[in-house]
Amino acid sequence: MEWNSTSADRRRRGRAGFTLVELLLVLVILGVLAAIVVPKFAGRTQQARITAARTQLATFATALDAFEVDNGYYPRGSEGLKDLIIQPRDAPNWKGPYLRATEIPLDPWGNPYVYECPGRNNPNGYDLMSMGPDGRPNTDDDITNWQTSSGGR
């Protein structure tokens, strides 16, 4: 079979790709869709971190309650969460470790959880808090084990 190049064949080959205008139109449409969708998913990430922090506070609360049942008191001081993993000297009835972790985890924003016993907000128990997204204590985004006036629980 002999290859004959006619003008119709040349025209068809010249139209095989997309024009620059068509490519730009597709990019604009993708950009508009991204501008609509991305902010919706970005808010989900922050909400997921808040939920993770609340879940971790609940895990600590369960472990702290188990410690209290075994020893008759909650771990004292600001370093008390470590007592959930390593037996303190003054806890002969310690039956831990009360957490599966080998060290106290950081909150979802990479900050340490704040533990205080006795608590300022819970004087008969303990205060436990994540400083939230801004990483600063005593702000509206704190996640705590006590009820705040702004409902930041």
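Predicted model: local features only at pLDDT ≥ 70, side-chain atom pairs only at ≥ 80, totals over all residues.

**Stop 1: the whole chain**

Start with everything selected. Trace the cartoon from the N terminus and you'll pass the elements in the order α-α-β-β-β. That makes two helices and three strands. How much of the protein counts as buried? The share is 27% of the 153 residues. As for contacts with a separation of 6 or more, 38% of them are between residues 24 or more positions apart.

**Stop 2: the sheet**

Next, select the strands. They form an open sheet of three, in the order β1-β2-β3, with antiparallel pairing. Which strands sit at the edges? Select 114-116 for β1 and 143-144 for β3; each of these pairs on one side only. In general, strands of a sheet pair through backbone hydrogen bonds, so the backbone is what to show here.

To see a facing pair, click Tyr115, which stands opposite Leu128 in β2. Then look across to the other neighbor: β2 and β3 are also antiparallel, paired over two bridges. Here, Met129 stands opposite Thr144 in β3.

Stay on β2 and show its side chains. Asp127 and Met129 point one way, while Leu128 and Ser130 point the other way. Are these four buried or exposed? All of them are buried.

**Stop 3: the salt bridges**

Side chains of opposite charge can pair when their charged atoms come close. The structure holds four salt bridges, and we'll visit some of them.

Select Glu79 and Lys82 to begin. Their side chains meet in a salt bridge, at 2.9 Å from N to O. Glu79 is partly exposed, with a relative accessible area of 47%, and Lys82 is partly exposed too, at 48%.

Move on to Arg120 and Glu116. This salt bridge has its closest N and O atoms 3.4 Å apart. Arg120 counts as exposed, at 70% relative accessibility, whereas Glu116 is partly exposed, at 26%.

Finish with Arg136 and Asp134, whose side chains meet in a salt bridge of 3.4 Å, N to O. Which side of the cut-off does Arg136 fall on? Exposed means over 50% relative accessible area, so Arg136, at 51%, counts as exposed. Asp134 counts as partly exposed, at 31% relative accessibility.

Key: Residues numbered from 1 in each chain as written. Heavy atoms only, no water. Buried < 20%, exposed > 50% of the residue type's maximum accessible area, 1.4 Å probe, protein only. Pairing = 2+ DSSP bridges. Contact = heavy atoms within 4.5 Å.
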